[in-house]
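Work through the exercises below with the sequence and the 3D structure open.

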Amino acid sequence: MKLSKDKIFNSLLLFFTVLAVSVVPNFILWRTEEMPFVCGLANVLLPLGVYWTLMSLSAHVGRSVLWMIIVMFLAAFEIVLLDLYGNSVIGVDMWLNVVTSNSKEIGELLGNLIPVIMLVCLLYLPVIAGGIVAVVGKCRLDDAFLRRNRLIGIGLALCGALFMGAGMATADYVSPRYYLFPLNALDNARIAAVRYAKTSKYAETSGDFSYGARSTHDGDHREVYVLVVGETSRAADWQLMGYDRPTNATLAEHDGVVPFAKTLSESNTTHKSVPLLLSPLTARTFGDSIYSVKGLVTAFKEAGFRTVFLSNQERNGSFIDFFGEEADKSVFVKELQDDRYLQDEVLLDYLEEELEGDSGRLLVLLHTYGSHFNYHERYPAEFSRFTPDDATEAKRANRDMLLNAYDNSILYTSDLLARLISRLEKDGVTAAMLYTSDHGEDIYDDSRGLFLHASPRPSAYQLHVPYILWTSRGYAERYPDVVDAVAGNAGKRVSSSESFFHTALDLSGIRCRAFDPSCSVASKDYREPQWFYLNDHNEGVTLKESGLKDLDFEYLSRRGMVGEACM
């Protein structure tokens, strides 16, 4: 059947439009990833050649377009990611974040990505619609055109392969698995699926795990230990860490509060940073070990403590849930109170019940919602001290308002900790509190214009976290050597991921096979660590290898944190 000129023109337009929009992210990645010239060419020519060849295999152009939907989906996802973070390919952690973030968090984020989402919709939806129309209209390409363009596609692919080979021959770090989009994104999706499947079998793979923990403290007195894991709280905005705003006034008034200002997390993603805090694993040992180890709560239970886990976050099927559910009592408050704006102070009500109803040794682990975006929703109206703080759109022009709201959320978190301490002081018991955050946050802080956290490459703002320890007067009287050790270690470097587990055990007098006093800031044997970062492929790398830039090391240098620990 002879086709009309309009159908032929539309078929040709559709053919070349698909090719053009499919390689948009490849051109952007060439610039953002600072690829060597030959690798940049390979990253464009090789995928383009493959797409060109695929589009030339069938005369039914509409069908060919529909085959390319997966490529266009990956391209759209990558463009959104690049707009959000400024660099890097769709990583393993990004795929996992899709399935471990709750729907409210995703909704809040997407609400602030409307411009770029509209852009990718304008790029790809008309092409997909055109493919559907072409299928219905039975649009075809002639055989001569297909043969000619099949050769062009193969030629482009071969040129791209040659350039990739040249890149691999001149630089050790060049690999199609890491440099070639969308191959790298698909490989990361594969790794994410493998990890997710392993996570789903955690109950089986960790079933026989035991710490062999025991208590070294006398059993004739009441002891209470409260561990607080914050969310998205960066040290840069804590007055106790040197910030010039009064974000911690009420907390600073309490005796026994010791801040550790030189603290870095080994991950900028919640689903990895919290398990690092609550287990003896570090960036160097995380790997496959995470699937067979149990959390800190289990060590306390083995040592004879009643254990309680209270969370103001929703379950997401991650290790955070698993470690929390090890407790004698675990409560996910948002399952009981359907309130989007539920503030973290609700956790204190549940804590009060535990303090009133138990007279033995008690561990309470609190997981807050902290300073997660949207910041202005994370505190009651009376904590709106820094104003204006009502920015509803995440963009650089709103930086001052976003920072005001963020600082108000830190003020609220600090007040929450102060109230918690006051409650523990009220009973005069032997008590201690340890607080840190899973990771920090970018808020358009420098010329890069970075925002949020969990970017494929971290920033110093995402890794520098608050780390605060408090001991009661009763604790200081009973264990003065521990309090002296804490004070002596206050100015030292800390890895929260490495130290939190061991410090919690040390404070409570628990000993087990996994305990290492050199990692506890409550020990006179504490040793400053070399900092590592748990990258997207679960490899523990140095800060130099983590993707931190000169601006990040300048930030760390201003805070006296640059040296051998970064190498």
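**Exercise 1. A salt bridge inside a helix**

Task: How far apart along helix H11 are Asp187 and Arg190?

Solution. 
Step 1. Asp187 and Arg190 both belong to helix H11 (residues 183–200) and lie three residues apart, so about one helical turn separates them. Helices (H or I, at least four residues) and strands (E, at least two) are DSSP runs, numbered from the N terminus. The model is predicted: local features need pLDDT of at least 70, side-chain atom pairs count only at pLDDT 80 or more, and totals for chains, interfaces and linings use all residues. Residues are numbered from 1 along each chain as its sequence is written, and side-chain values use heavy atoms, with hydrogens and water left out.

Step 2. Asp187 and Arg190 form a salt bridge whose closest N and O atoms are 3.0 Å apart. The term stands for a side-chain nitrogen of Lys or Arg within 4 Å of a carboxyl oxygen of Asp or Glu. Side chains of opposite charge can pair when their charged atoms come close.

Step 3. Asp187 has a relative accessible area of 15% and is buried, while Arg190, at 44%, is partly exposed. Buried means under 20% relative accessible area, exposed over 50%, and partly exposed in between (1.4 Å probe, protein chains only).

**Exercise 2. A salt bridge between distant parts of the chain**

Task: Which residue forms a salt bridge with Arg399, and where in the chain do the two lie?

Solution. 
Step 1. The partner of Arg399 is Asp445, with 2.6 Å between the closest N and O atoms.

Step 2. Arg399 is in helix H19 (residues 399–427), and Asp445 is in the loop between strand E9 (442–443) and strand E10 (451–452); the pair is 46 residues apart and links distant parts of the chain.

Step 3. Arg399 has 22% relative accessibility and counts as partly exposed. Through shared partners, salt bridges join Arg234, Asp237, Arg399 and Asp445 into one network.

Step 4. Another salt bridge is that of Asp446 with Arg448, whose closest N and O atoms are 2.9 Å apart. Arg448 counts as partly exposed at 25% relative accessibility. By the rule given above, the count of salt bridges comes to 24.

**Exercise 3. The sheet**

Task: Give the order of the strands in the open sheet of seven, then describe E2 and E11.

Solution. 
Step 1. The order is E3-E11-E8-E2-E7-E5-E6, and the pairing is mixed. Two strands pair if DSSP finds at least two bridges between them. E3 and strand E6 (329–332) are the edge strands, each pairing on one side only. On average, neighbouring strands of this sheet are turned by 10° against each other, direction ignored.

Step 2. H19 packs on the sheet and touches E2, E3, E7, E8 and E11, where contact means heavy atoms within 4.5 Å. The direction of H19 makes about 170° with that of E8. Axes are lines fitted to C-alpha atoms, for helices over the stretch in contact, and angles run from 0 to 180 degrees between N-to-C directions.

Step 3. E2 (residues 223–230) runs parallel to strand E8 (residues 430–437), joined by eight bridges, with Glu223 opposite Thr430. E2 also pairs in the parallel sense with strand E7 (residues 362–367) over six bridges, and here Val224 stands opposite Leu362.

Step 4. Eight of the eight residues of E2 are buried, so this strand is largely enclosed by the rest of the structure. Glu223, Tyr225, Leu227 and Val229 point one way; Val224, Val226, Val228 and Gly230 point the other way. In a regular strand the side chains alternate between the two faces of the sheet.

Step 5. E11 is antiparallel to E3, with three bridges, and antiparallel to E8, with five. Ile468 in E11 stands opposite Pro259 and also opposite Tyr435. Five of the five residues of E11 are buried, so E11 too is largely enclosed by the rest of the structure.
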